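Please open the model in a viewer and keep the selection tool at hand.

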Amino acid sequence: CFMNLCEFGDRSYPHILFIPGLFMSGECLKSIALKMPQYHFICVTLDGYDDSGEEFEGLEQECTKIASRLKENSFISFELVMGMSLGTIFAMELAKCEELTIRKIFLDGAVNFYTSGAAFFERMAMRHIFSGYIRKASDREKMIANLEKNFIGNWPEEMQRCMSGLSENSMKAMIEVLVNYRIGPGVEQPLYCLYGSRETNRQVNAHLIRRYYPNAEVHIVKGYNHLVYANQQPDAYAGLIQAFLTA
C-alpha cells in the first residue's frame, strides 16, 4: 500500500495532519503528539523511502497521493495541517485541495519559497550534499551518533532510516520541489510560521510570507537552527500549536 500513515491519539478526536521534512518520517512527531492527547494526529511519511514502496515523483503527484490516501481512511476534515521543512510546501498546497477541509496552517522551518536565479547551482549543491548524507547513512551507528549531536528522542534513528532508504530518483525529485517551488497567493486559512533565528533562509521566507499573507503570524525562536526547537522542546512546541488552534 502506497504512502505510510501513522496515527497518534483517538480517531474520534479532532484531526491534525502532519507532513514531515526531508529525511523524516511521520513518527518524528510522536513526542509532540503525545503532549496533545485531545487531538488525533495523522502523520504522513512521504514516498521515496524503503518502507513506502513507492518513488517520490513530484509535488503535484505526491499531493494527489496524500489526498487519496487520506480519503481512503475517511480523513477529510482537519483542524490543522502542520508542515516541517520540505513539508511546509506540501502544507501550503494541501490547504488549497478542494477534497480536504483544512482550517488552519502551521509551518515550521525555512525552505526556498522562491525560485533563485542560481537554481542550477543550488540543484547541484543539494545533490552533492544529499548524496553524501545517503552514502554516510549506510553506516547506521555512526550516522545515528552524528545526528544525536543535534537531535534527541526517536529522530536520529528515523532520520538515518529515511536517509539510507531514499532512492536516487526520489532524491532528485525532492530537490526539484525545493528548487522550483515559489510561494504565492491562494491560501485562505489562518497561517502561523515558526523559524529558528539561526536558519539561513529565515529572513527571505518571512518577507515572502508577509508579502502574500500580511495577516500571518511569524514567530522567531532565538538561538535555534532548522527544526531543532520542535525536537528539543516538545512541551513548548505543543503549547504554540495549541495556542494557535484556540486563538
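**First stop: helices H5 and H6**

The crossing of H5 and H6 is right-handed, a term used when the near helix is turned clockwise from the far one by less than a right angle, the anticlockwise case being left-handed. This is a predicted model, in which local features need pLDDT of at least 70 and side-chain atom pairs count only at pLDDT 80 or more, while totals for chains, interfaces and linings use all residues. Residues are numbered from 1 along each chain as its sequence is written, and side-chain values use heavy atoms, with hydrogens and water left out.

Select residues 140-147 for H5 and residues 155-165 for H6; their axes come within 9 Å and cross at roughly 130 degrees. Axes here are lines fitted to C-alpha atoms, for helices over the stretch in contact, and angles run from 0 to 180 degrees between N-to-C directions. Helices (H or I, at least four residues) and strands (E, at least two) are DSSP runs numbered from the N terminus. H5 and H6 are therefore oblique to each other; angles under 35 degrees count as roughly parallel, over 145 as roughly antiparallel, 65 to 115 as roughly perpendicular, and the rest as oblique.

Next, show the side chains of Arg140, Met143, Ile144 and Leu147 in H5, which meet Pro156, Glu157, Met159, Gln160 and Met163 in H6 (contact means heavy atoms within 4.5 Å). By class, this contact of H5 with H6 comprises 6 nonpolar, 1 polar and 2 charged residues. Ala, Val, Leu, Ile, Met, Phe, Trp, Tyr, Cys and Pro count as nonpolar, Asp, Glu, Lys and Arg as charged, and the others, Gly among them, as polar.

**Second stop: helices H2 and H3**

Move to H2 (residues 59-72) and H3 (residues 86-94), which pack at an angle of about 65 degrees with their axes 10 Å apart. H2 and H3 are therefore roughly perpendicular to each other. Leu59, Glu62, Cys63 and Ile66 of H2 make the contact with Ile89, Phe90, Glu93 and Leu94 of H3.

**Third stop: charged pairs**

Side chains of opposite charge can pair when their charged atoms come close. The whole structure holds 13 salt bridges, each a side-chain nitrogen of Lys or Arg within 4 Å of a carboxyl oxygen of Asp or Glu.

Select Glu79 and Arg103, whose side chains form a salt bridge (3.1 Å, N to O). The pair links distant parts of the chain, 24 residues apart: Glu79 is in the loop between E4 and E5, and Arg103 is in the loop between E6 and E7.

Within H6, select Arg161 and Glu158, which lie 3 residues apart, about one turn of the helix. Their closest N and O atoms are 2.5 Å apart in a salt bridge. Is Glu158 buried or exposed? At 15% relative accessibility, Glu158 counts as buried, whereas Arg161 is partly exposed at 30%. Buried means under 20% relative accessible area, exposed over 50%, and partly exposed in between (1.4 Å probe, protein chains only).

Finally, display Asp47, Glu54 and Lys65, which a network of salt bridges links.

**Last stop: two serines**

Most residues other than glycine have a negative phi. Select Ser74 in the loop between H2 and E4; its phi is positive, about 60 degrees, and Ser74 is exposed at 61% relative accessibility. Then select Ser85 in the loop between E5 and H3, where phi is positive at about 55 degrees. Ser85 is buried, with a relative accessible area of 11%.
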